[in-house]
Amino acid sequence: MIRVDKDFALNMFSIDGRTALVTGATGALGGAVAKAYCYQGANVVMTARNEKKLKELEAEFKAEGLSCAIIAGDPAVEEDMKKAVGCAVEKFGELNILAVCHGFNSPKGILEQTPQEWQKILDADLKSVYIACRAAAEQMVAQGKGGKIVVTSSARSKMGMKGYTGYCASKGGCDLMIQSMASDLAPYGINVNTINPTVFRSDLTEWMFDPQSEVYKNFLKRLPIGRLGEVQDFIGLATFLASPASDFLTGGNYDATGGYWAN
Ligand SMILES: NC(=O)c1ccc[n+]([C@@H]2O[C@H](COP(=O)([O-])OP(=O)(O)OC[C@H]3O[C@@H](n4cnc5c(N)ncnc54)[C@H](OP(=O)(O)O)[C@@H]3O)[C@@H](O)[C@H]2O)c1
């Protein structure tokens, strides 16, 4: 007798009816995750600092009949993240998924960068992850039904780069931090994992997609899959790690690189 539950096999990727909070929802990856979750039947609360962009997103989503809400806030500010979690509970009754998709970088060599500039990157890419995850975890623990936390890290968490002392330290710290967090939260049925992308198309990276650019040519030498990432390539992992299919996975860093580490 092969013991595979048929209902589970058929529905394991479903997040239908779940409520998700997405940070960095005004960005390329956050916006894509938010919309993909909505299309899959989730209620989605979108947060970011830019309220005008959030309102535009809300109008776009609502025009498609999607179930969403918005709340402006800075993920590095505890009060803002508590309000964002409160918004999910107030509008949709509970919070089941946190997708952390915000981030910032301002590359500079150590001799040119001030400690304040470095700290700004650490706050945006590491402290903010701790604050957002903590606020969501408190709510998930109170609900007593477990939950899913999916954090966007970077392939740069595993490897340094010129001018990236702040970003690499943040993303490397993020990968280790979520391992500890996963251990803290496992007793409550909360899974915590990261997605670690290389270059995905966004307003900031669009220039890297020019086939004539040296950056593009150099990247492709390391990418067996033969192209850079599009948001569609991200939402599969973001859904998998938010769904029952990943119930046994926690504290992991999941590669979204087109095979960067294989070559
Ligand atoms: N795209 C890539 O190639 C790539 C590769 C590896 C890793 N990643 C990671 O993926 C995540 C999303 O990247 P993306 O490409 O979607 O970026 P994006 O399009 O530039 O969007 C960035 C998002 O983060 C928010 N943000 C910007 N500065 C912030 C700050 N100082 N503090 C808090 N939030 C801030 C922005 O919204 P507001 O300004 O409204 O707050 C926006 O929603 C980031 O963690 C990034 O490091 C991206």
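# Helix packing, sheet and ligand shell

The crossing of H4 and H5 is right-handed, a crossing being right-handed if the near helix is turned clockwise from the far one by less than a right angle, and left-handed if anticlockwise. This is a predicted model, in which local features need pLDDT of at least 70 and side-chain atom pairs count only at pLDDT 80 or more, while totals for chains, interfaces and linings use all residues. Residues are numbered from 1 along each chain as its sequence is written. Helices (H or I, at least four residues) and strands (E, at least two) are DSSP runs, numbered from the N terminus.

Helix H4 (residues 78-92) packs against H5 at an angle of about 40°, with the axes 9 Å apart; axes are lines fitted to C-alpha atoms, for helices over the stretch in contact, and angles run from 0 to 180 degrees between N-to-C directions. That angle makes H4 oblique to H5, given that angles under 35 degrees count as roughly parallel, over 145 as roughly antiparallel, 65 to 115 as roughly perpendicular and the rest as oblique. On the H4 side the contact (C-beta atoms, placed from the backbone, within 7 Å) is made by Glu78, Met81, Lys82, Val85 and Val89, and on the H5 side by Ile131, Ala132, Ala135, Ala136 and Gln139. These residues divide into seven nonpolar, one polar and two charged, where Ala, Val, Leu, Ile, Met, Phe, Trp, Tyr, Cys and Pro count as nonpolar, Asp, Glu, Lys and Arg as charged, and the others, Gly among them, as polar.

H5 also packs with helix H6 (residues 165-185), at an angle of about 15° and with the axes 8 Å apart, which makes H5 roughly parallel to H6. Their crossing is right-handed. Among the residues that make this contact are Trp118, Leu122 and Tyr130 of H5 and Tyr167, Cys174 and Met181 of H6; by class, the contact divides into 14 nonpolar, four polar and two charged residues.

The crossing of H2 and H8 is right-handed. Here Ala28, Leu29, Ala32, Val33 and Ala36 in H2 meet Val231, Phe234, Ile235, Ala238 and Thr239 in H8, a contact with nine nonpolar, one polar and no charged residues.

| Helix pair | Angle | Axis separation |
|---|---|---|
| H4 and H5 | about 40° | 9 Å |
| H5 and H6 | about 15° | 8 Å |

Seven strands form an open sheet in the order S3-S2-S1-S4-S5-S6-S7, with parallel pairing, two strands being paired if DSSP finds at least two bridges between them. At the edges stand strand S3 (68-72) and strand S7 (253-256), each of which pairs on one side only. Neighbouring strands are turned by 20° against each other on average, with direction ignored. Helix H3 (residues 51-63) packs on this sheet, where H3 touches strand S2 (43-48) and S3, and the direction of H3 makes about 175° with that of S3. Within the sheet, strand S5 (residues 147-152) pairs with strand S6 (residues 190-197) in the parallel sense over six bridges, and lysine 148 stands opposite asparagine 191 in S6.

The ligand is surrounded by 27 residues, of which the closest are Gly27, Ala48, Arg49, Asn50 and Gly103; a residue is near a molecule if its C-beta atom, placed from the backbone, lies within 6 Å of it. Helix H2 (28-39) and helix H5 (115-143) are the elements that give two or more residues to this shell, and H2 provides the largest share, three residues. By class, the shell has eleven nonpolar, twelve polar and four charged residues.

Note on methods. Contact = placed C-beta atoms within 7 Å.
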